[in-house]
Amino acid sequence: MVELGACPECLRRSWLLAALGPYVERVATGEVGSRSPELLRLSNEDLVQAAAPKVAGQLLARVEALSEARLNEELLLAECWACCRHGDLYPEGLRDAADAPWALLGRGDRRLLDGLEPHGAVTIVGARRATSYGREISRELGRELARAGMVVVSGMAFGIDGCAHRGALDGGRTIAVLGCGPDVAYPASHRGLWRQISESGLVLSELPPGAPPWKWTFPARNRIMAALSGMTVVVEAATRSGSLITMDLAADLGRDLGAVPGPVTSRASAGPNALLASGAHVIRDAQDVLDAMLGPGQQQHSGSPGTATPLDADLRIVLEAVEAGGSTCDAVAAMTELPVTTIAAALARLELLGYLTYTSVGTVIRTLHSGHPA
Amino acid sequence: MWTICRSTPPSVPSVLATARTFTLDGIAARPVRVEVDVHRGLPNFTIVGLPDAAVREARERVRAAIVNCGFEFPLRRIVVNLAPASLRKAGPGMDLAIAAALLSASEQLEWEGLAKVALIGELALDGSTRPIHGALAMAEQAREGGAEAIVLPAENGGEAALAEGIGVVPVEALGQLLSLAAGDWSPARPEPLPLLPSISPGAPDLADLRGQPHLRHALEVAAAGGHSLLMVGPPGAGKSLAAGRLPSILPPLAPAEALEVARIASACGRLGSGLPGGRPFRAPHHTISAAGLVGGGQPIRAGEATLAHRGVLFLDELCEFRRDALEALRAPLESGEVSIARVGGQRSLPCRFMLVAASNPCPCGRGEADPDCTCTPYEVQRYGGKLSGALADRIDLLAAVQQPSAAEIGGSPGEPSTAVRERVCAARERQEHRLGPGRCNAEMTPAEGRACPLSDKAAALLADLYARQRLSGRAHDRALRLAQTLADLAGASEIGEEQMAQALQMRRRDHG
């Protein structure tokens, strides 16, 4: 048990879940009572009966037959380690959840879990199909929260998740929770990000090495993300989005909810805007997250307003035009009376000062920064 | 009873005659010697020496032309050899030379001067001549080969007369060779084609572009420094309109450049009624193949890149182009020439053009900020992948284009092309003064770029950005080149802080 870091019984549960992958896929429908996190509350026997009654005995026997040495070998081969609900390393936050995973398999720096309290971590979730606004905010939130010492938890998906991780890698510590084995880079085009996180952060999963993702494993990993942190922030999500499942799960656990406001006309911001209407914390920058989690003024964040240097008149006019929605040089020119050459130069300076950033198609977006980047 | 008789050896020796002509290889003329051998035997007419189908069919044209001009077609065994035998001959341009050599071999045309001239031209069945492609290059090549004059169809006379130092003899029919040989007729040298005005009346003018000051400025900078430009914006925002107005603000072609352009146009059969004074503008459709874009095939044909030599190559819907076609443009963009390897050797075609490209922000064209955009992240990523590919690496300027507002569209026309062009020409002059004739800032080597005089504040700005690692080495040089163009446009002797900042804003960024 010392060698494994988790008791074999808990680990076998992980292997059982992987074996049940295709069967649970058929049962989990999203209806109340048959959502994957609800199914995962069941004991081994009940779960197998519910998901795969015909082959129940066979599956259970196969998993029971896995020896401690075999489990150990599989973990070593995949360069993973494990912890279970009976161990010290198991995160405090997960103990609150009735459907908490029995064991967690990790790849990367296990010290990130050491003493990880919910109030030391923030989960950032959001749509895979994110706008450049959402991606930029997500990156900034990830970076600034990591700089402020928070562990940034996300799901390594396209869009918001990936940007939150990238930002956090810039600033500090991050945990990716996967819906597949911790040694599987999914989505495949994020394998570079996966490698970076498993080297300088931590990749977690409740599934054994090599396990492929199923549809049901994503809401299942969302419950881990929600439980790990004290606050879950949604950056962008449509009204029927998997990210909102995470918010529901976090709310069930009594965690704080935060949402980044967006234009009321934007479909991508419909989810967070609806959450705001029902009372979620308004998240404009990292400081809002810190204030909501730790109490106002408990921790001053370095990149907060107040440290900004005053801007020249031209820069201020151009910045205001960008904030009012001008995303190209021409749009800013139409909103201000300035010559286009002045605007171009001002945009370049604002970018240098960290107020703006450029998208791949050459439009500008306002960053969360109000002052010099550190 | 029949006996088999052996034919006796010919008592009359065979008669040989030669004439000089050319075949077109890409846009270059290659000298060809026509040798005609007429001797006894079964009447036969063969052409050897790697002829293509058009050359092989010269047999029928030449036979009919000779008979219809009142000559006699020798009923003997005729062999035409096109030397050098290893070079592929293409096109109908050798008809006239084959006919002249054949008439000379059958002693119907006694012309001592035949060895001193080159003949090119296609023959009609009635013996009249038809124009051919590449007469300008052929006339120049004839001069290099030491010919005194070139005999060619009257329609090609004006174009060949552009080549100085060689006689140009236009003929309208095969029969006129007789009068030439007798020396009782010598046609006047045709007038060389006139230089056309660089802007034809009614051509698209930049005044049509209303509002959109940044786009106008980007066009001006691109034209002034020869920088490649990428415009990204929703459909209908004016990208194609802007690109089409670019030739009207580019400086007129220098005489030597105009001749280069004319040579290419002549070889492709596109030379009109005069020497082009304005710069070529080519806008190939996005379904074009790699060979169509850079040239290729057998025999080698010039591609769009070569046709855009000294002008503008506009790739609308850049992301819709086939990847292999875009990849094929990389090396030519860098070196200014296309080289095509064939069994017969390496051929190179000139292609120093300005690349202008336009693209939608995503496959549906609305852009991700639009709530109606239905593109999936994977689609957008794959689409944008072409924007960040190796070709985009050669692009200096990126202009984000937006729909002009109603007020702008209904507003007054913009500054006309002539005014912009004056500034562009002044900036180009400064560049030529600094870099040498015909060169522009976009072609500066990194060493030349770093030698640009920089004010202290501009240097500090660039160094600041570079130190924060927001700039790659290549992007650093790109920013310098752009800033130098902005300084040239402003008439400044060194790059100021304002120009540096503008250049940093206008450059294409490296991230995807």
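What is the order of the nine strands in the open sheet of chain A? The order is 1-2-6-5-4-3-7-8-9, with mixed pairing; strands (E, at least two residues) and helices (H or I, at least four) are DSSP runs numbered from the N terminus, and two strands pair if DSSP finds at least two bridges between them.

The model is predicted: local features need pLDDT of at least 70 and side-chain atom pairs count only at pLDDT 80 or more, whereas totals for chains, interfaces and linings use all residues. Residues are numbered from 1 along each chain as its sequence is written, and chains are lettered from A and ligands numbered from 1 in the order in which they are written.

**The sheet of chain A**

Select strand 1 (81-84) and strand 9 of chain A, the edge strands, each of which pairs on one side only. Next, display strand 2 (103-108) and strand 6 (202-205) of chain A, which pair in the antiparallel sense over four bridges. Within this pair, G108(A) has L202(A) as its bridge partner.

**Helix 12 of chain A**

Move to residues 270-277 of chain A, where A270(A), G271(A), P272(A), L275(A) and L276(A) are buried (20 or more other C-beta atoms within 10 Å of the residue's own, with C-beta atoms placed from the backbone). These buried residues pack against strand 7 (231-234), helix 11 (242-252), strand 8 (256-259) and strand 9 (281-282) of chain A. Just after helix 12, select G279(A), which takes a positive phi of about 105°.

Colour chain A by domain: domain 1 spans 8-294 and domain 2 spans 313-366, with bounds from an automatic or database domain assignment. Their C-alpha centres lie 38 Å apart.

Now show both chains. The contact takes 28 residues from chain A and 32 residues from chain B; two residues are in contact if their C-beta atoms, placed from the backbone, lie within 7 Å. Helix 15 (329-335) and helix 16 (340-353) of chain A each supply at least two residues of the side of chain A that touches chain B. Helix 16 gives the largest share of that side, eight residues.

**Chain B**

Finally, select chain B, which has 20 helices and 18 strands. Its C-alpha atoms fill a box of roughly 100 × 50 × 45 Å, taken along the principal axes.

Terms used: A residue is buried if 20 or more other C-beta atoms lie within 10 Å of its own, exposed if 12 or fewer, and partly exposed in between; C-beta atoms are placed from the backbone.
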